[in-house]
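Dear colleague,

Please find the structure below.

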Amino acid sequence: MNVVANIQIGIDPNIGSVGPFLVTWHGFFTAAGIAAVVLWAVYQGRRHGIHEDAVYGTAVWAVIGGLIGARLVHVIDNWDYYIQDPLLILRIYEGGIGLLGGILGATVAGSFYAWRHRYPVGRMVDLVTPGLLLGMFIGRFGDIINGEHLGETLVRPWAFLYTHPSSPAFGEGPMHPVIVYEMALDAAIGVIAFLLIGKLRPAGSVFYLYLLMYGLGRFVIQFLRRDMVWVTDLGLQQAHLLSLLLVGIALAFLLLRRVRFAGPEDNDEDPGAAPEGVDDAAGENGEAPQGPADASPRPA
């Protein structure tokens, strides 16, 4: 194919080996993205009086749920490959995750943990939303390097062309940089979410607005990806269906809870207040609290 110019990516997807484990750029940036989310959550927790015990406990469960959900979605979408050697399912460090499954898994696991310990779930997910998008943005650099997600053929100067033999996209020709499109979506939603923190009621609205915007954006971008088609007549892939699920969940919350901009009558819901599971910013004498205060888990 005669291509005047394109963006060639010739980086080896594999960094090296540590004993029996293969270290990949995909795994490296996934870990960096997770770290960014946790650090953001801790930072916001300190700013808004949410104790670190609540943040770390919720983060651990969210990460576990996210990894399980992400791997499960990827394995289901590539079952013909993994059924030949089921042990490959456990080698997540080599790459192969479905981000939409990660979002769903992390949301369910983290929210359940916070609810079980009576932490302010809605407020916590609102505060962490921009950090989630930052983590997604960082993690996608690994996908750009390894070429795991194939885009439809594109003959334009901004097309990606993978030239390293170890890349899954090697020999596939120039293609849409679908991951870059998604990173742009993440960045735009992240900025919007950051600007809306504390301005929407009820708590949790910013997070569900993020699910709505990401689900809609990903649904559109997915038509430019070469993944297995699940609904032949409509040309819908697995990610299309999961995107619609996110949109449905988000719309149900936003409509049923009557999301609105905060007004004078919402002073009691001010994000600076300290609901259950949150430390006061200072004690009665203006001193910082010495322990977890109300953030310690309560028996259900």
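Helix α6 (residues 178–196) has 19 residues and reaches 27 Å from its first C-alpha to its last, close to the 27 Å expected at 1.5 Å a residue. Helices are DSSP runs (H or I, at least four residues) and strands likewise (E, at least two), numbered from the N terminus; the expected span is 1.5 Å times one less than the number of residues.

This is a predicted model, in which local features need pLDDT of at least 70 and side-chain atom pairs count only at pLDDT 80 or more, while totals for chains, interfaces and linings use all residues. Residues are numbered from 1 along each chain as its sequence is written, and side-chain values use heavy atoms, with hydrogens and water left out.

Rings of Phe, Tyr and Trp (its six-membered ring) pair if their centres lie within 6.5 Å; planes under 30 degrees apart are stacked, over 60 edge-to-face and the rest tilted. The count comes to 16 aromatic pairs. In one of them, the centres of Phe28 and Phe29 are 5.1 Å apart with planes at 85°, so this pair is edge-to-face. Trp40 and Phe194 also pair edge-to-face, at 6.3 Å and 70°. Trp40 lies in helix α1 (residues 25–47) and Phe194 in helix α6, so the pair ties together parts 154 residues apart in sequence.

Kind regards
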